[in-house]
Amino acid sequence: MHCWHRFSFGIAVAILCAFATLVSAQAPAAAPFVTHQLKPNVYWIEGGGGNSGVIVGDKGVIVIDAKTTPAGGKELLDDIAKITPKPVTTVILTHSDGDHVNGLASFPTGITIIAQEGNKKEQETALAAGGRGAPPAGHLPTQVVTKNKENLKIDRVKLELLHWVPAHTSGDLVVYLPTEKIVFTGDIIATQFPDPLIHLEKNGSSEGWITTTKGIIALNSDVNVPGHGMVQTKSDIQTRLSNTETKRAKVKDLVAKGKSLDEIRSAVGDPPPAAPTGRGPVFASFTEAVYRELTKKS
Ligand SMILES: [Zn+2]
């Protein structure tokens with residue numbers, strides 16, 4: 001009996017350990033999201049993928065970007081409920097990447113979802129292709145932006161939706177609050193990488209990134225909320241623009257001299273390209289994006 005007791009205790013521990021390993025492998029303990037207040041009615045929420053904006057209107061809430069997963073979308077809604085009892089009525093998407101869109105699965109149906117027309121096309125393409133990372137079918141954009149600038153008043157909140165040219169993706173949308181002097185840049189500015197991320201597979205453009213970033217800097221703003229990372233001042237963005245222009249000019253010069261992509265990579269000091277991990281796509285580096293743009297045979 002005594003022996004059996006020890007034996008069963010051992011098995012129980014083993015099972016517990018296996019279970020704990022399984023749980024931690026499936027769901028690494030994620031840090032809770034962090035809410036940052038910018039104005040009495042404007043917040044941004046960090047964590048779970050791209051940054052989200054929260055603007056409390058007269059009767060409802062406008063959300064900018066919806067996190068990566070259904071659980072992330074739910075946590076975002078729970079955090080908004082801690083700010084205000086008003087319901088979410090509108091979501092504005094800065095671009096089509098899953099870490100800004102797919103949390104919409106947890107949002108109520110029937111809300112207004114605003115996106116640039118290129119974004120909607122990219123989501124439809126991803127949905128048709130299916131698989132992991134496809135956007136939630138029940139939450140495709142309901143209102144499409146086709147102009148370079150759209151002035152809106154939603155729930156007494158003044159907003160400008162801006163799209164210059166394709167940059168991070170073909171469907172980028174920058175959200176500007178002229179009264180509060182706040183800009184939500186989406187992944188045009190994402191501070192986890194030193195260089196801009198250009199999605200060539202979504203018809204992004206490094207030249208377009210420069211045009212768009214100049215447009216962002218020209219806005220009368222005090223605060224810029226990036227797609228990833230902490231809020232940026234205009235001078236932070238100016239520095240990023242200058243560095244990017246310098247790097248792009250260098251790549252352009254080397255392309256003109258007939259250098260190969262590998263030669264250019266080492267000349268500009270890039271690390272060797274990352275090998276595929278099997279977990280999601282490997283995106284082209286900024287150098288590669290510029291190289292491919294400049295050597296593309298039209
Ligand atoms: Zn992102």
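Here is a walk through the chain, from the overall view to single helices and strands.

**The whole chain**

Start with everything selected. What you see is a predicted model, with a mean pLDDT of 91 for the chain. Of its residues, 89% reach a pLDDT of 70 or more. The chain holds 8 helices and 12 strands. How much of the chain is buried? Buried residues make up 45% of the 298 residues. Now think about contacts between residues at least 6 apart in sequence: 62% of those join residues at least 24 apart.

**A stretch to treat with care**

Select residues 15–24. Here pLDDT stays under 50, and the model gives this stretch 0 contacts beyond four places in sequence. Where pLDDT is low, the predicted coordinates should not be read in detail. So let's move on.

**The sheet of seven strands**

Next, pick out β1 through β7. These 7 strands make an open sheet, in the order β1-β2-β3-β4-β5-β6-β7, with mixed pairing. Which strands stand at the edges? They are β1 and β7 (143–145); each has a single partner strand, so one side of each is left without a neighbour in the sheet.

Zoom in on β1 (residues 34–39) and β2 (residues 42–46). The two run antiparallel and are joined by 5 bridges. Together they form a hairpin, with 2 residues between them. Click K39 and you'll find its bridge partner, V42, in β2.

Now slide over to β4 and β5. Do these run parallel or antiparallel? They pair in the parallel sense, over 4 bridges. Select V63 and look for V91 of β5, which stands opposite.

While you're on the strands, keep one rule in mind: in a regular strand the side chains alternate between the two faces of the sheet.

**A helix lying across the strands**

Select α2, residues 70–83. This helix has 14 residues and spans 20 Å from its first C-alpha to its last, close to the 20 Å expected at 1.5 Å a residue. Show side chains for G72, G73, L76, L77, D79 and I80: these are buried. Look down the axis of α2 and you'll see why they belong together: the buried residues fall within an arc of 160°, so they line one face of the helix. On the other side of α2, A71, A81 and K82 are exposed.

What covers the buried residues of α2? The cover includes β1, β2, β3 (52–56), β4 (61–64) and β5 (88–92). The helix α2 lies across those strands, running at about 145° to β2.

For another helix on this sheet, select α4 (residues 117–129). It lies across β6 (112–116) and β7, at about 105° to β6.

**The sheet of five strands**

Finally, select β8 to β12. This open sheet of 5 strands has the order β8-β9-β10-β11-β12, again with mixed pairing. At its edges stand β8 (149–154) and β12 (223–228), each with a single partner strand, so one side of each lacks a neighbour in the sheet. The twist here averages 25° from one strand to the next.

Highlight β11 (residues 182–190) together with β12: they pair in the parallel sense over 5 bridges. Click G186 to find its bridge partner in β12, P226.

Last stop: α5, residues 206–218. This helix lies across β10 (174–177), β11 and β12, and runs at about 160° to β11.

Terms used: Residues numbered from 1 in each chain as written. Predicted model: local features only at pLDDT ≥ 70, side-chain atom pairs only at ≥ 80, totals over all residues. Heavy atoms only, no water. Pairing = 2+ DSSP bridges. Expected span 1.5 Å × (residues − 1). Buried < 20%, exposed > 50% of the residue type's maximum accessible area, 1.4 Å probe, protein only. Arc of directions from axis to C-beta. Contact = heavy atoms within 4.5 Å. pLDDT = per-residue confidence, 0-100. Axes fitted to C-alpha atoms, helices over the stretch in contact; angles between N-to-C directions.
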